[in-house]
Amino acid sequence: MVSAGAGGETHSQLFSTLGYSAFNQTQVNEAYKHLFEVHGHSQENLQLDVGNAAAVHSGFNPLEMFLNDVKEFYSGEIFNVSQDLSDAAAEINRFIANKTQDKIRDMVKDLDPAMVMVLINYVYFKGLWENPFQSYDTHKAEFHVDKTTKVQVDMMTRRGNYEVYWDRANHATVISLPYKGDASMMIVLPDEDKMEEVEGYINKDHIRDWGDSASMEDIILFLPKFSISSDASLESTLKEMGIINAFEKSADFSGISEEFKLKISKASHKAVLSVTEIGTEATAVSTSEVELYSLPPIIRINRPFLVFIIENSSGSILFMGKINNPTAE
């Protein structure tokens, strides 16, 4: 969305870092429009809200073409906020809380006095497991944060058929847990002491290949319940990735305003993820399965792991992260 208003080297750095160098802005705009249309289809038992917004400071008038692009291609809403910084922050936070079902609060805190616009992207996902865990099977168990640290977790347990891929060459076990609807959670469990190696090589191709290579297996799964919240400032990360000009006085955002010289003053990201027996949020569901008598393989998620929530029809990664400690606040 930022790139839609960027020009020159600022635009080049954005596209290069995002991996879009082979495309032009029109192609990218159209691709995102299609993506938001795909994600906008409601499904029974699965809620996925994805969108954008521009909170515009009273007195600042972005170019009409930029605002139209935000609305048409990025499912964006435009709204004005007060000149008073505390009031503006409160208005933006109310918008975010409403769009994410009140799960993310206080996203915006200290606004820059020179702020003229805040661009917002939100993703809210609520899913129920296709095959829920039973709460009476949940028990206390150890989770090995590292070689010297162990914590007690609520370990969910379930025997059932899951898509599994044992990637021995890349030192990882991959398991997909389907949600009701067209989404799934992919868990990547590196072999012991191999997390750094897995993090070093993993990319979108591995995610796709693991999904394509997995086969249905009868397993016993041990998975910890967890509820985590992550709050991060992104300026230094984005600069290290190659987006530099956008944060400097030399930034070219002439596609947003011809009247004012603009730059990005702050980039922030906050995510909340909760996993329980029922899914991402509790709703009662009961089910039963026929089980074989032979003892199947056991996959025990009792050390740090990677987690991806994937929208299956588009292959979009909605959430991704690393769980080092399921008990961390």
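Aspartate 106 is found in the loop between α4 (85-99) and β3, where helices (H or I, at least four residues) and strands (E, at least two) are DSSP runs numbered from the N terminus. Aspartate 106 has a positive phi of about 50 degrees although it is not a glycine, and with a relative accessible area of 47% this residue is partly exposed; buried means under 20% relative accessible area, exposed over 50%, and partly exposed in between, with a 1.4 Å probe and protein chains only. The model described here is predicted, so that local features need pLDDT of at least 70 and side-chain atom pairs count only at pLDDT 80 or more, while totals for chains, interfaces and linings use all residues. Residues are numbered from 1 along each chain as its sequence is written, and side-chain values use heavy atoms, with hydrogens and water left out.

A positive phi of about 50 degrees is also found at serine 75, again although this residue is not a glycine. Serine 75 is placed in the loop between α3 (64-73) and β2, and at 35% relative accessibility it counts as partly exposed.

The secondary structure of the protein as a whole comes to seven helices and 13 strands. The radius of gyration of the protein is 22 Å, close to the 20 Å that the globule rule gives for 329 residues, so the protein is as compact as a globular protein of that length; the radius is taken over C-alpha atoms, and the globule rule is 2.2 Å times the number of residues to the power 0.38. Taken along the principal axes, the box filled by the C-alpha atoms is roughly 75 × 40 × 40 Å. Of the 329 residues in the protein, 44% are buried. Among contacts (heavy atoms within 4.5 Å) with a separation of 6 or more, 71% are accounted for by residues 24 or more positions apart.

The protein exposes about 17400 Å², of which carbon and sulfur atoms supply 48%; accessible areas come from the Shrake-Rupley method with a 1.4 Å probe, and for residues only the protein chains shown count as cover. There are 28 positive and 48 negative side chains, and the centres of the two sets lie 4 Å apart. In this count Lys and Arg are positive and Asp and Glu negative, His and the chain ends being left out, and the place of a charge is taken as NZ of Lys, CZ of Arg, CG of Asp or CD of Glu.

Strand β5 (residues 150-167) is joined to strand β4 (residues 139-144) by six bridges, and the two run antiparallel; strands are said to pair if DSSP finds at least two bridges between them. A hairpin of five residues connects β4 to β5, and histidine 139 has methionine 155 as its bridge partner in β5. Methionine 155 also stands opposite proline 224 in β8, and 10 bridges join β5 to strand β8 (residues 215-224) in an antiparallel arrangement. With strand β6 (residues 172-178), β5 pairs in the antiparallel sense over five bridges, and the partner of glutamate 163 in β6 is serine 176. The hairpin formed by β5 and β6 has four residues between the strands, and histidine 171 in the turn has a positive phi of about 60 degrees.

Valine 81, in strand β2 (residues 76-81), is buried with a relative accessible area of 3%. Leaving aside neighbours within four places in sequence, valine 81 is in contact with Ala55, Val56, His57, Ser58, Ala88, Glu91 and Ile92, and its C-alpha atom is separated by 13 Å from that of isoleucine 120, 39 residues apart along the chain.

Methionine 117, placed in strand β3 (residues 117-127), counts as buried at 16% relative accessibility. With neighbours within four places in sequence left aside, the contacts of methionine 117 include Ala54, Ala55, Val56, Phe60 and Ile256. Methionine 117 and serine 265 are 148 residues apart in sequence and 10 Å apart in space, C-alpha to C-alpha.

Alanine 6 lies in the segment before α1 (8-18) and is buried, with a relative accessible area of 15%. Not counting residues up to four places away in sequence, alanine 6 touches His11, Leu14, Asp252 and Phe253, whereas the C-alpha atoms of alanine 6 and serine 215, 209 residues apart along the chain, are separated by 44 Å.
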